Structures are given as structure tokens and as C-alpha cells.
Amino acid sequence: MTLGTTARSWPILLLTLAACDDDETRLPENCLETATVSVAANDWQYSSRPISLPPESTQLRDADRLGILWYPIVRHVTCGDLFPTETVVERNRYLDALGIILLPTTPQGAPWAGLTQPLANTGADLSGYEFMEIWINDFNRLHGPGITGNGEELRIDLGRFSEDAVWDPRTPPAPANGRLDDEDQDFDGQRTLAEDSGLDGLRDHDEVLAGVVPDASMYPASTSEDPAGDDYSLPADLTDYSGELPQRIVRFRKVSGFEGNQRLDSEALDGNPVLDLENDYVEYVVPLAGSAQTVVDVRLDYALSDPENGWRLLRIPLDQVAGVAGNPDLASVQAIRIWFKGINAATEFHVAAVTFGP
Ligand SMILES: [Ca+2]
Ligand SMILES: [Ca+2]
Ligand SMILES: [Ca+2]
Ligand SMILES: [Ca+2]
């Protein structure tokens, strides 16, 4: 099956993975029919704040959302990074991936950051799948020999989420505002220059006039020209991932900007212009320092010395739910949210695939 009702990029990803993948870690034989999630940066957006589910009692705060950048990884991750024993031809094949950088904040409660992707307006049917798999690279900073971690977690939610997102790029962000923020001001589906303003509805000069205050974080998203920090621009070379993390933060800071990206952005997850606030979802928790859900740990399994290869294949049984909000239904999954908890440092991840099987 194919998720979603809009044009997305997963068939290409699936073909790529299927082509390079012929050992015991392979996706199922029928992986061309396996539902998956896009790793194209354009298909992700800021999420609303997850609600804390029993037995957790302390709710997260909008203001404790970390800064978060996301951007496409092109011509960088190879099949050989994930499958080192493949043939040379296959090892050299590039895979698309999603880059995510979390930026620290000064939290009063538990810091968090999340991205969401609508899967299908009417809900995708995932009820026939046993597990979800994710290829993720933490560059061996959060897992490996001798690393016990400080409670850093990857969390994945499937279902229906409040559309009232914490989308302010600044740190700390303005809280969700109780409105459906949508660049398409007249809801005619046509983008005008004025409408490509970011979810704040303000172009740069209006941000200045409105007295929007630039953030004062260590890695400020905003400047005096773009005080809201929501301008879009590409680095000179989108395939340059060299240098240290602070350099990549500067390079990719504006790639996930919504103002001037020539797209009509919206908080809406279902395509209609009404703010939906319902939360009906299941939550899965992956302690990042743990190995219980790790199927492949490339560096350890293949005895590699490359410290930058922190690729892991995580497999999460869909029946091992850590929390339930409202009345979720895996037969009708509108969106996926991936989010991080327990991290409050500049931290980088690459995600190469999110799939469901068998
Ligand atoms: Ca809103
Ligand atoms: Ca703006
Ligand atoms: Ca701006
Ligand atoms: Ca836009």
C-alpha cells in the first residue's frame, strides 16, 4: 500500500533501499508494497506539543521546545554506510535522508522538540503491520559501548494530533496560539508573494514594524533583518556536510524556513482550514542509549572504526505501546510525529528510512 493522498517521495526511497539491500537486514521481500514515511525535509513540519501520558504526570511546556532545524541530506549517505558488506556498486549508491539538528534552550521543565508529517487526510491503515523500522544515525554520541545516557529518548506518535503547533523558530518559542496558522490567507490554494510569509503572516519588514524580538539563544535563528527567524534560504552547496556541528548549524539554519520557500505552509494536517485540537494517538518510546529495539548497529555489527557511522536500524513492535492519548486507531492514522525528549544540547541526527512491515 502507499500512504497518503498527496504526492510524496517515498516510492523513490523504497526503490533505492530495495535495490541495495540483500542480507539478513533486508526489508521484507514485498518491501515495494511496504507502507513508509517520507524522509524528504519538505514533508515535515513543526509539531504541536505532545501531551504527557500516564504514568507521566508533568506536562511539557511549549516554551521548553528546543530549537530544531531539518534539511535534506543529498549525495552524502550511501548504501554502504548502512550495508557495509554490499558490493562496491551498491555501497556507492546514495540514499536520501533527513537531517535534524536540535539546538539547546534554557528550559524550566523537560526540553523537547518534534516534527510531524501528515500521512493521509482520511487516515492511513497501519493495522496490518507488525512493526515500524527506522534507520537513524546519532553519530555514536548517544549510544555505544560505555554510554549509559541521561534519559535521551526518541518518541514516535501515530494517530491524530492537535494542529496548533509550536512553530516559532526562535528559542524560546512563542507558545501555540489557538489559531490555525496558514499562509494561504484567502484559502484559494494559490500562492502570492505576500502569502509566502511564514506562519507568522508577516514578511520581514512587517516583522520589524511589529517589533518582533529576535531570540537571544546561543544559536539564534533570527537577525535584525529577519527578527522572526523564519526566512528560507539554501546554503551555497547543499551537499556540503563537512566541518563541525556549529558550521552545519549556520549552513542549514534557514533551509527549514517557511518565509520565501515558494510553498504554501500551514499548520493543518488534514487539508481543511479548521483548527483541530484532538489528540488521539499511540506513543512508542526508544531510549537512545539502549539496544532493546536495535536490530542492526552498523559500527558494532561490522566492527567498523568510523566514529561518524552511528547508523542503527530500530525495530519497534506496533503492539508495544508506551502510552495512549484519547482513542487512537491504527486503522486510521492521519499523521506521524517524531520527537525527542531528554536532550538539551546541540545534537545531530540523520534519518534514512521510516517504514512499516511486514
Ligand atoms: Ca496555531
Ligand atoms: Ca515571517
Ligand atoms: Ca522573516
Ligand atoms: Ca511558505
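Visitor: What makes both faces of S12 count as covered?

Guide: On one side Ala335, Arg337, Trp339 and Lys341 are buried, and on the other Ile336, Ile338 and Phe340 are buried too. Buried has a set meaning: 20 or more other C-beta atoms lie within 10 Å of the residue's own, while exposed is 12 or fewer and partly exposed is in between, with C-beta atoms placed from the backbone. Please keep in mind that this is a predicted model, where local features need pLDDT of at least 70, side-chain atom pairs count only at pLDDT 80 or more, and totals for chains, interfaces and linings use all residues. Residues are numbered from 1 along each chain as its sequence is written, and chains are lettered from A and ligands numbered from 1 in the order in which they are written.

Visitor: Why is strand S12 called largely enclosed?

Guide: Seven of the seven residues of S12, residues 335-341, are buried, so the rest of the structure largely encloses this strand.

Visitor: Why is strand S6 described as largely enclosed?

Guide: Six of the seven residues of S6 (residues 131-137) are buried, so this strand is largely enclosed by the rest of the structure. S6 pairs with strand S13 (residues 347-357) over seven antiparallel bridges, where Ile136 stands opposite Val351. S6 also pairs with strand S10 (residues 311-317) over seven antiparallel bridges, where Met132 stands opposite Ile316.

Visitor: Why does Asn140 count as partly exposed?

Guide: Asn140 has 19 C-beta neighbours inside 10 Å, so this residue counts as partly exposed. Asn140 sits in the loop between S6 and S7, and has a positive phi of about 60° although it is not a glycine.

Visitor: And what makes Gln262 exposed?

Guide: Gln262 has 8 other C-beta atoms within 10 Å, so it is exposed. Gln262 lies in the loop between helix H5 (245-252) and strand S8 (280-287), and its phi is positive, about 60°, although it is not a glycine.

Technical notes. Helix = DSSP H or I, 4+ residues; strand = E, 2+ residues; numbered from the N terminus. Pairing = 2+ DSSP bridges.
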